[in-house]
Number of protein chains: 4
Amino acid sequence: MSVEHRYPRRVQFHETDLAGIVHFSWYFKYMEEAEHALWRSVGMSIVPPSRDWGLPRVNANIDFKAPLKFEDEFEVHVKVDVIGRRSLRYALTILRGPEVMATGPMTSAAVTRDADGRVRSIDVPEAVRSRLT
Amino acid sequence: MSVEHRYPRRVQFHETDLAGIVHFSWYFKYMEEAEHALWRSVGMSIVPPSRDWGLPRVNANIDFKAPLKFEDEFEVHVKVDVIGRRSLRYALTILRGPEVMATGPMTSAAVTRDADGRVRSIDVPEAVRSRLT
Amino acid sequence: MSVEHRYPRRVQFHETDLAGIVHFSWYFKYMEEAEHALWRSVGMSIVPPSRDWGLPRVNANIDFKAPLKFEDEFEVHVKVDVIGRRSLRYALTILRGPEVMATGPMTSAAVTRDADGRVRSIDVPEAVRSRLT
Amino acid sequence: MSVEHRYPRRVQFHETDLAGIVHFSWYFKYMEEAEHALWRSVGMSIVPPSRDWGLPRVNANIDFKAPLKFEDEFEVHVKVDVIGRRSLRYALTILRGPEVMATGPMTSAAVTRDADGRVRSIDVPEAVRSRLT
């Protein structure tokens with residue numbers, strides 16, 4: 001069983017563009033906000049105080065179904081879909097009431113930074129794996 | 001043969017996040033900036049003065065390969081990859097020198113807005129098709 | 001007596017920069033989000049369905065006192081400070097618990113757009129004035 | 001005599017809002033981009049490799065005169081206006097051709113971070129002072 005979370009949100013004015021709808025780049029931010037809320041919901045922060053690792057995105061693949069508008073209330077549903085040895089995949093859906101506005105996976109890979117500053121792939125930390133499962 | 005364009009850019013401070021690298025949502029904006037520069041390069045604007053149609057995104061699927069950092073100079077290479085009857089797909093690559101930082105397609109669909117405000121799929125306008133081919 | 005509102009918010013990851021704190025441009029967005037929440041609290045939207053007027057900013061003058069950090073919970077306190085004949089001034093304060101993080105006024109002017117597209121100063125609509133007083 | 005710089009820029013689609021003009025928060029980012037370009041023009045980076053100090057904003061006070069629109073080409077003129085012992089003030093103007101779109105000062109204070117993480121005011125580093133004069 002994997003962890004999931006529902007994150008409520010309202011569209012802000014500065015998130016719209018001249019087409020009168022939310023700019024598509026904001027869907028990725030909404031989804032990330034939901035991801036971090038999911039982490040908080042299981043007692044973790046995506047930026048722990050003394051972290052020596054991180055989880056940068058390696059892929060984001062979103063289908064845009066319908067436009068969000070100013071002051072719309074919506075919900076991001078985020079679920080940990082796959083926990084691989086070295087990566088996490090989230091399944092994400094943005095809903096306005098029953099209507100699916102956008103959907104798709106985002107994948108992050110566990111990395112650390114070596115003494116020389118180079119980024120290196122590592123296993124997903126066990127503490128993370130256990131809380132997200 | 002399809003149209004292509006190279007768009008030069010520098011990373012700005014406000015595009016970075018606390019991990020010290022460009023926030024992933026910016027890659028989508030960089031790619032869109034390149035798309036609009038490509039349109040200008042063939043004498044068009046993505047927002048023509050009296051438009052009765054638009055090209056909202058229907059999908060964006062980006063692989064993130066390496067992090068961009070503050071003041072990095074990079075280039076977005078954008079190519080019209082597929083011109084379907086009702087949609088356009090761009091192939092996009094972000095390069096820092098020879099290094100591929102991110103790559104992937106973004107797809108837009110041609111739509112118009114009916115008198116009642118509803119969005120409806122239409123054919124890609126012929127003037128657009130001919131200039132992007 | 002003027003209208004006021006308290007708007008709760010949490011710092012999101014994408015609002016931070018490489019200095020590890022919220023980018024200063026976000027303080028203006030936080031304040032605007034609070035302004036629009038104040039309007040909703042008195043039954044109005046800053047973007048009414050069939051508006052023929054607007055309230056663009058003419059000045060924003062913010063003092064930055066202390067840095068906000070990722071996942072900080074804070075509150076924006078917004079008050080309609082002055083309702084002039086043709087403009088509105090808000091007094092805004094960002095607080096993290098008891099600590100003042102930023103403070104300052106933002107001023108907007110009432111305008112309409114003439115048939116030829118030119119922006120022209122107008123009196124603050126009476127319906128707005130009465131609800132904000 | 002103080003250092004100055006002219007920074008050319010074009011309005012991007014994602015910088016506009018549903019009012020069809022650039023969101024006011026972007027004026028602050030445009031001005032910061034110009035500030036950092038000025039630093040590069042005198043051989044410095046606002047984020048030097050091994051910095052133990054920073055220059056966070058303490059005030060930004062912008063008057064908005066006229067709206068920028070999608071694909072507008074404009075210029076930010078930035079000048080080091082005052083170099084105090086512990087702070088810098090820039091005079092900034094955004095111009096579209098001869099027209100002043102926005103103007104105002106932004107002030108930053110020199111700080112360092114003590115071993116316990118507390119931010120403390122310091123003198124503007126001499127290397128900075130000499131290059132900006």
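**Exercise 1. In what order do the three strands of the open sheet in chain C lie, and is the pairing parallel or antiparallel?**

Solution. First, the ground rules. This is a predicted model: local features need pLDDT of at least 70, side-chain atom pairs count only at pLDDT 80 or more, and totals for chains, interfaces and linings use all residues. Residues are numbered from 1 along each chain as its sequence is written, chains are lettered from A and ligands numbered from 1 in the order in which they are written, and side-chain values use heavy atoms, without hydrogens and water.

Step 1. Find the strands: DSSP runs of E, at least two residues, numbered from the N terminus (helices are runs of H or I, at least four residues). Two strands pair if DSSP finds at least two bridges between them.

Step 2. Read the order. It is S2-S7-S8 in chain C, with antiparallel pairing.

Step 3. Strand S2 (53-54) and strand S8 (119-121) of chain C each pair on one side only.

Step 4. Check one pairing. S7 (residues 111-113) and S8 of chain C are antiparallel over three bridges. Val111(C) stands opposite Ser121(C) in S8(C).

**Exercise 2. Identify the salt-bridge partners of Arg96(C), and state which parts of chain C the bridge to Asp72(C) ties together.**

Solution. Step 1. Apply the criterion: a side-chain nitrogen of Lys or Arg within 4 Å of a carboxyl oxygen of Asp or Glu. Over all chains, the search finds 56 salt bridges.

Step 1. Take Asp72(C). Its closest N–O approach to Arg96(C) is 2.8 Å. Asp72(C) lies in the loop between strand S3 (57-64) and strand S4 (73-83), and Arg96(C) in strand S5 (residues 87-96), so the pair ties together parts 24 residues apart in sequence.

Step 2. Take Glu99(C). Its salt bridge with Arg96(C) also has closest N and O atoms 2.8 Å apart.

Step 3. Classify exposure (relative accessible area: buried under 20%, exposed over 50%, partly exposed in between; 1.4 Å probe, protein chains only). Asp72(C) is buried at 15%. Arg96(C) is partly exposed at 25%. Glu99(C) is partly exposed at 36%.

**Exercise 3. Describe how chain C relates to chain A.**

Solution. Step 1. Superpose by least squares on the C-alpha atoms of residues with pLDDT of at least 70 in both copies. A rotation of 180° with 0.0 Å of shift along its axis brings chain C onto chain A, RMSD 0.0 Å.

Step 1. Name the relation. It is that of a two-fold axis.

Step 2. Locate the axis. In chain C, the nearest C-alpha belongs to Arg9(C), 5.6 Å away.
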